[in-house]
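Visitor: Hello! I am new to this kind of picture and would like to learn how to read it. Could you walk me through it, one feature at a time?

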Amino acid sequence: MNCLIIDDEPLARIGMERLVRQYSSLKVVGTFRNAVGVADFLKNNEVDLLFLDIEMPGINGLELAKILPEQILVIFTTAYSQYALESYEVDALDYLVKPITPERFKRAVAKAESYHQLLSQQKTNLEATDTQCIDIRANRRNYRIPLIDILYIEALKDYVIIHTFMDKYITWINLKNIHSQLPESVFVRVNKSYVVNLQHITSYTHQFVYIGETEIPIGRAYDLVSKLAHWQKNYH
């Protein structure tokens, strides 16, 4: 994957380059100290992944992410944890808080590699739904996914990724459309980028729901009190 590093701190850019160069799957094709010139660079160069700081002079990282081409993945790198929820609103792949440990960076890279591979595969389509399954066409094959097997559904650019116990399926449809075809009593929108299956929530707080080890933030605009109470009554 071709990577771009954007950070207003020189030492942070150097540190990020060192981390990136440890992975043969990643290649640094440019570094910037702010958003100036990034748009022109992207017009003339193939970039798959941005490591993007948030607080920068002029256009900040969140503002830049909103105008990036749809196919570019974004991992935010910042010293400030308070922007984590906003990062999901711009479909960020991950959110790394400085100082970034090698272990945390490794997990982010693994996620980027997985999603880049999914995006490179043939586009898939949601064919139909019934009360028990959804039918997915992928790579000239049909898959019927039982709803009970779906852990959560994640938006990624113009796709959604359906996470099940055993696999991930990428589908060329937006999150709103697929959510509208699922039973609302079971599948709940928790933020702009995620729909979760209430049956598989293992715990929750006022800020997050947890499905196994996966932590999913609850958006400020989503009132989940009654739905999580329903989860506690019926599934816990």
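Guide: Gladly! Let us start with pockets and cavities. On a 1 Å grid over the protein atoms alone, a pocket is an open set of points with protein on both sides within 12 Å along at least five of seven lines, a cavity is a set of points where a 1.4 Å probe fits but cannot get out, and lining residues have an atom within 4 Å of a point. Grid points are joined across faces, edges and corners, and a volume is the space filled by probe spheres set on the points. The model here is predicted, so local features need pLDDT of at least 70 and side-chain atom pairs count only at pLDDT 80 or more, while totals for chains, interfaces and linings use all residues. Residues are numbered from 1 along each chain as its sequence is written, and side-chain values use heavy atoms, with hydrogens and water left out.

Visitor: How much space lies in the largest pocket?

Guide: The largest pocket holds about 810 Å³ of space. Of the 29 residues lining this pocket, those closest to its centre are Tyr-88, Asp-94, Phe-208, Glu-215 and Pro-217.

Visitor: Which elements give two or more residues to that lining?

Guide: First, the labels: helices (H or I, at least four residues) and strands (E, at least two) are DSSP runs, numbered from the N terminus. The elements giving two or more residues are H4, S5, helix H5 (102–120), S9, S10 and S16. H5 provides the largest share of the lining, with 4 residues.

Visitor: And how many cavities does the structure hold?

Guide: Rolling a probe the size of a water molecule over the atoms shows where empty space is left. In this model there are 2 cavities of 30 Å³ or more, and the largest cavity contains about 40 Å³ of space. Its lining includes Tyr-88, Ala-155, Ser-193 and Tyr-194. Strand S9 (residues 150–156) gives the most to this lining, with 3 residues.

Visitor: Tyr-88 lines the largest cavity. Is Tyr-88 buried or exposed?

Guide: Here is the scale: buried means under 20% relative accessible area, exposed over 50%, and partly exposed in between (1.4 Å probe, protein chains only). Tyr-88 has a relative accessible area of 19%, so this residue counts as buried. Tyr-88 sits in helix H4 (residues 84–89). Contact means heavy atoms within 4.5 Å; leaving aside neighbours within four places in sequence, Tyr-88 is in contact with Ser-193, Tyr-194, Glu-215 and Pro-217. Ala-155 is 67 residues from Tyr-88 in sequence, yet their C-alpha atoms are 9.5 Å apart in space.

Visitor: Now the sheets, please. What is the order of the strands in the parallel sheet?

Guide: Strands of a sheet pair through backbone hydrogen bonds, either parallel or antiparallel. Two strands count as paired if DSSP finds at least two bridges between them. In the parallel case, 5 strands form an open sheet in the order S2-S1-S3-S4-S5. Strand S2 (27–32) and strand S5 (94–97) stand at the edges with a single partner strand each, so one side of each has no neighbour in the sheet. Strand S3 (residues 49–52) and strand S4 (residues 73–78) are joined by 4 bridges, and Leu-52 stands opposite Phe-76 in S4.

Visitor: Where can I find antiparallel pairing?

Guide: Look at the open sheet of 3 strands in the order S14-S15-S16, where the pairing is antiparallel. Strand S14 (203–204) and S16 are at its edges, each with a single partner strand. S15 and S16 pair over 4 bridges, with Ile-211 opposite Thr-214 in S16. Another antiparallel pair is strand S10 (residues 159–164) with strand S11 (residues 168–171), over 4 bridges. A hairpin of 3 residues joins S10 to S11, and Ile-161 stands opposite Ile-170 in S11.
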